[in-house]
Amino acid sequence: MSRWERWAWGLATVPAVGVLVAAFGLPLLQSVGASFVREGRFTWENYAIVYRLYRQDVLYTLGVAAGGVALTFGCGIPLAGYLRLRAWPWVEFLLKVPLFVPFVVTGHAMRVFLQPSGTLAAMLTAAGILPPGARLGIGEGWLGLVLALTWKHLALVVLLLVGAFRGVDDSYLEAAQGFGAGTFRQIWAVLVPMSATSVALALVLTLTSMLASFSIPLLMSRGSGPQMLMIDLYYRFGQHGDFEVASALGVVSYVMASGAVYAYLRSVTR
Amino acid sequence: MEVRVEGLVKRFGRVPALAGVSHTFPAGALTAVVGPSGCGKTTLLRVLAGFVRPDEGRVWMDGRDVTDLPPQARSCALVFQNYALWPHMTVFENVAFGLRLRRLPTREVEQRVREALALVELDRVPGIEGRRPRELSGGQQQRVALARAIAVRPRLLLLDEPLSNLDAKVRHRVRVEIRALQRRTGITTVYVTHDQEEALSIADVLVVMEGGRVVQWGRPEEVYARPKDPFVAEFLGSTNVLEASVGRDGAIQPSRDGRLLFRAEDVVLLPADATPPAGSVWAKGKVVDCLFLGAVYRAYVRVLDVVVMADARSPASPGPVVLAVPADRVMDFSHQNGEGAAKETA
């Protein structure tokens with residue numbers, strides 16, 4: 001590549017780098033800086049407030065995201081594996097439906113479905129599993145949130161995994177099948193390890209998306225008890241106008257997401 | 001284990017990959033199935049393995065109908081063209097995979113992995129068991145694939161173009177090793193290849209396929225020397241084809257209905273003014289080119305407006321020559337549409 005070409009390519013990347021710096025790098029630096037400032041002075045007080053008021057929410061957010069990821073992949077890997085081994089076009093189509101449903105709609109639908117006297121409760125009552133008038137508590141707690149986030153993310157995860165699994169040549173699966181490996185063994189012993197990079201990437205994308213989920217937790221929350229961190233951040237900034245503590249909450253979110261990204265990078269560069 | 005297939009038909013869409021294959025693969029023999037790309041040889045192998053279900057026909061193994069049985073219930077192992085070694089597993093884990101699925105005790109698994117690696121002569125490579133496939137040469141990967149297949153002690157070994165990814169020198173060496181391994185173990189083996197030289201050199205029984213059918217089978221020497229079909233004659237060896245017939249004096253003369261086939265190694269080139277030897281079929285021609293192939297020189301001779309090949313120990317100079325072929329080496333397929341053996345012209 002000539003010097004002129006190098007300059008041309010360098011110039012071509014300027015708009016993209018500019019957008020990245022202006023829209024992500026600078027706000028990130030600004031919020032990191034702001035998280036250490038209160039009344040114009042350097043301080044750790046914002047983090048002390050985060051620890052005092054929000055440490056439960058940090059754990060709650062991590063727990064919900066981890067539970068959501070576990071459930072999403074616990075369902076997504078077998079589903080994607082089955083779709084790779086046996087083509088089921090209709091199931092594949094149905095699984096993609098949640099991709100086209102906005103987060104807000106998902107949140108509302110899941111709220112209606114899971115709320116104490118919602119659709120699920122009515123179905124269970126009709127089936128005689130719940131006594132008439134009983135209230136179902138799933139929708140109000142972490143389990144409802146995990147189920148809603150799983151429902152929303154499952155389609156993307158299956159889409160990513162099926163794509164990765166289809167990249168594995170049939171001969172690797174047939175070799176295993178010839179030795180007597182059933183469907184489950186072919187998925188776990190061949191497809192998943194041979195698509196490890198894509199599985200790790202899907203896992204990080206899902207985890208960061210769940211950590212940053214806002215509209216679904218907002219629609220499903222009951223207003224008391226632990227909250228997802230993005231809701232805390234919204235209230236701290238929007239309701240209290242406390243930019244500094246909101247920034248500290250943001251930095252905690254960055255750190256949580258960075259942990260997942262670091263684990264992913266370690267797994268792909270090992 | 002004797003394997004018999006009868007009336008196998010398999011279509012992919014409208015294309016018939018197998019169009020009524022019937023054949024018996026003898027127990028303990030190495031049968032090479034050879035044919036051009038798309039002739040159905042890999043499909044036949046995959047039907048035997050149980051990965052493809054035939055639309056029609058049956059497969060018997062030792063007299064037992066296995067047509068509807070899944071691959072794992074057939075006591076056979078397949079070595080794939082790309083070896084299909086799982087890249088995330090070590091050599092040991094690859095070879096042990098089938099044994100572990102059979103729930104053998106750990107000690108027996110270890111012993112049988114070592115035996116299998118010894119059979120393919122990989123036991124002499126230090127630390128091979130702990131290496132991953134990407135850390136092995138092509139030849140070593142091929143042997144690991146073989147070891148993985150024989151570790152489960154199959155009664156039928158299926159090899160799908162196992163040497164096609166190796167360079168020429170390694171291919172020749174591994175070919176000899178596969179032959180020796182098959183003789184040692186006595187496993188009934190079906191070896192699919194498009195390489196006629198490989199098939200001829202390795203097989204006890206040669207099966208030639210074309211268009212989804214078996215066109216001829218027999219001992220390699222027999223099939224090579226007495227092809228029953230113009231396709232077999234053309235496919236095996238470096239074969240010349242002339243639309244011609246043989247006159248009373250042995251001269252080759254153009255004929256629209258005639259079809260003469262002879263191999264490059266049977267051709268003798270004589271000076272232009274020489275008298276052709278008695279009992280030979282001959283024609284006047286002109287050497288247009290000559291290439292050095294290593295063991296022989298290959299001359300290209302224009303005869304009856306067709307360029308034919310002639311192999312010789314010494315180079316041929318461009319110019320007029322007399323091309324002579326012993327009459328019993330000329331295959332006359334005149335007035336024949338692929339049925340019956342070639343008529344010798346002598």
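Predicted model: local features only at pLDDT ≥ 70, side-chain atom pairs only at ≥ 80, totals over all residues.

Student: What makes helix α2 (residues 91-101) of chain B mostly covered?

Tutor: Count the residues. Nine of its eleven are buried. Buried means under 20% relative accessible area. Among the residues that pass in α2(B) are B:Val91, B:Phe92, B:Phe97 and B:Leu101. Just after this helix, B:Arg103 has a positive phi of about 55 degrees.

Student: Why is A:Thr72 called buried?

Tutor: Set the value against the cut-off. The relative accessibility of A:Thr72 is 0%, and the limit is under 20%. So A:Thr72 counts as buried. This residue lies in helix α2 of chain A.

Student: Which residues does A:Thr72 touch, leaving out those up to four places away in sequence?

Tutor: They are A:Thr150, A:His153, A:Leu154, A:Val157, A:Thr206 and A:Met210. A contact needs heavy atoms within 4.5 Å.

Student: What makes a group of residues a nonpolar core?

Tutor: The members must be buried, be of a listed nonpolar kind, and be joined through side-chain atoms within 4.5 Å. The largest core here has 145 residues. Those touching the most other members include A:Leu161, B:Trp86, B:Val95, B:Phe97 and B:Leu157. Helix α2 (residues 45-85) of chain A gives the most to this core, with 13 residues. A second, separate core has 19 residues, B:Ile252 and B:Leu323 among them.

Student: Which residues does B:Leu157 touch, not counting those up to four places away in sequence?

Tutor: The list includes B:Ala77, B:Val79, B:Leu146, B:Ile150, B:Ile187 and B:Val190.

Student: How do you know that β1 (residues 3-12) and β2 of chain B pair?

Tutor: Count the bridges. A pair needs at least two. β1(B) and β2(B) have eight, in the antiparallel sense. Therefore they count as paired. Within this pairing, B:Val5 stands opposite B:His23 in β2(B).

Student: Why are β2 (15-25) and β5 (64-65) of chain B at the edges?

Tutor: Look at the order of the four strands, β2-β1-β4-β5. This is an open, antiparallel sheet. β2(B) and β5(B) each have a single partner strand, so one side of each is left without a neighbour in the sheet. Helix α1 (residues 41-49) of chain B packs on the sheet and touches β1, β2 and β4 (56-61) of chain B. The direction of α1(B) makes about 60 degrees with that of β2(B).

Student: What makes up the hairpin of β9(B) and β10(B)?

Tutor: Two strands with two residues between them. β9 (residues 205-210) and β10 (residues 213-218) of chain B pair over five bridges, in the antiparallel sense. B:Met209 stands opposite B:Val214 in β10(B). In the turn, B:Gly211 has a positive phi of about 55 degrees.

Student: What makes a space a cavity?

Tutor: A 1.4 Å probe fits there but cannot get out. The structure holds three cavities of 30 Å³ or more.

Student: Which residues lie nearest the centre of the largest cavity?

Tutor: They are A:Ala175, A:Gly178, B:Ala77, B:Leu78 and B:Phe80, out of 16 lining residues. β6(B) gives the most to this lining, with four residues.

Notes
Residues numbered from 1 in each chain as written. Chains lettered and ligands numbered in written order. Heavy atoms only, no water. Buried < 20%, exposed > 50% of the residue type's maximum accessible area, 1.4 Å probe, protein only. Axes fitted to C-alpha atoms, helices over the stretch in contact; angles between N-to-C directions. 1 Å grid on protein atoms, 1.4 Å probe; cavity = no way out; pocket = protein on both sides within 12 Å on 5 of 7 lines; lining within 4 Å. Points joined across faces, edges and corners; volume = space filled by probe spheres on them.
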